[in-house]
Amino acid sequence: MLNVKDTQLALIHIPLSLYANFLQAILQLLLPNEGRNDLASSNGAVRAPRGWPYEHPFVNISITHIECSVVCSRTLARELFAPVRDSLDAAARNQVSITTEDFIVMQVDGEGLDAGQRVLELTSPLALAGISIFFITTYFSDYILVPLRCRGQVVHALEERGFAFEHHTSTYVNPSHHRRNHSSTSSFDTQAPGTPPPATISELQIRTFATLKRRNIVPTVNPSLRLIQCAGRKDPSRTGSSNGNRSSTTSAADDALHLGLVKCLITPPCPRFLSLTLTDTEPASLLLDHTLLPNFAQDVLLGSKDDFLIPITLDLRELPLESTGIVCGVAGRLVGGTAQGALENSVEMSYLSTARAGTVMVGEDELHRALAALRGAENGVVPD
């Protein structure tokens, strides 16, 4: 099932050199509204939220070797991050970006297909329509961020690819995957893409890797960095909780999880890799450097602590924010779905979009094949 969350989001890019300046604002994202008010009048101690799931529909905080990237509501961006940016000197201020355009986020049920196939299935119709997207794989679900102005295009693109829009249920149904429903709010007028989109996925993939080659964007790997995908535990007593029905107290697990998150975020000078997704429907989801695990008490986190993922990073700082086709092009190369460039056996992968980078996560045993495919060593997709 795919549903559109009721929020308008901003994307924030913070260079790592300024992470310390924004740390207080980042920590305040962990707090409910009353917690932030208390913090403003207290000694600065960060108190645990009054019961999770999270208060806001969607927040993502990601720290990589490229940047600190934050996705949060326009209101939180204006209240927490804009004042910090505006307090910086001109040179530093110009390095920080807060999008003026609003985004919406669609939550995708993680069942039915493996992660890589989901990335390709969901991004290909949007990429072919020339819609810029951000894709975030989490422990429980996938999330797709698209510009608010493209809502109508998103509806049209999904319908064109066989998704039916049922107005009375606000749900998309894919006839070829009867268990995968797709829902949205009402449509806006369809916007024409800024540049003519490709006609096929093969053409899109060729364009994507030609663009990366032209901008000297190559996949990079830190061989010492191993990631763990994990999550907070679900509390059955708060099943179905919402912003209007929040627990008045936190459980011991909530407190331990919150303490661990704070410890990770204050790691000096910053965490090597941490992606935290908070929503109002699911427990916290984390993708983090395995060396951060000791910050959490035993049994606080769901997920295997022995299955390492290796991040392959594409530094996209030289590309315009509205660039299209990156996620789909990468997924097509690794998962298949195109006659040109597809591996004979797909690589199991997941994806993390940040404000200025894209990160592919693969298992240790798949790293060599994934790198060879992305660098064009297999099938000669991108000639030297």
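Two strands count as paired when DSSP finds at least two bridges between them. Keep that cut-off in mind as we walk through this predicted model, because strand β2 (residues 9-14) and strand β5 (residues 97-98) pair in the antiparallel sense over 2 bridges. In that pairing, I12 stands opposite I98 in β5.

β2 has another partner too: strand β4 (residues 68-73) pairs with β2, again in the antiparallel sense, over 6 bridges. Here A10 has C72 of β4 as its bridge partner. So how much of β2 is tucked away? 6 of the 6 residues are buried, so β2 is largely enclosed by the rest of the structure. In a regular strand, side chains alternate between the two faces of the sheet. For β2, that puts L9, L11 and H13 on one side and A10, I12 and I14 on the other, and all are buried.

C72 turns up again in the largest nonpolar core. That core has 49 residues, and the ones touching the most other members are F22, L29, C72, F81, L265, L286 and L288. Take L265: leaving aside neighbours within four places in sequence, its contacts include Y19, L23, I26, L27, I61 and L274. Apart from this core lies another one, of 46 residues, with A127, I133, L204 and M349 among them.

S275 sits in strand β13 (residues 274-279). Is S275 buried or exposed? With a relative accessibility of 4%, S275 counts as buried, because the cut-off for buried is under 20%. The S275 side chain makes a polar contact with the side chain of S62, at 2.8 Å. Beyond its neighbours within four places in sequence, S275 also touches other residues, including N60, I61, L286 and L352.

Next, have a look at a hairpin. Strands β7 (residues 134-137) and β8 (residues 141-147) form one, with 3 residues between them. The two strands pair in the antiparallel sense over 4 bridges, and F135 stands opposite I144 in β8. Both faces of β7 are covered: F134 and I136 are buried on one side, F135 and T137 on the other.

Finally, let's visit a helix. Helix α10 (residues 367-374) is mostly covered, with 6 of its 8 residues buried. Those buried residues are L367, A370, L371, A372, A373 and L374. What do they pack against? Their packing partners are α7 (201-214), β16 (309-315), α9 (326-335) and β18 (357-363). Just after α10 comes G376, which takes a positive phi of about 80°.

Technical notes
Residues are numbered from 1 along each chain as its sequence is written. This is a predicted model: local features need pLDDT of at least 70, side-chain atom pairs count only at pLDDT 80 or more; totals for chains, interfaces and linings use all residues. Side-chain values use heavy atoms; hydrogens and water are left out. Buried means under 20% relative accessible area, exposed over 50%, partly exposed in between (1.4 Å probe, protein chains only). Contact means heavy atoms within 4.5 Å. A nonpolar core is a set of buried Ala, Val, Leu, Ile, Met, Phe, Trp, Tyr and Cys residues joined through side-chain atoms within 4.5 Å. A polar contact is a pair of N or O atoms within 3.5 Å; within protein, one must be able to donate a hydrogen and the other to accept it, and residues adjacent in sequence count only if both atoms are side-chain atoms.
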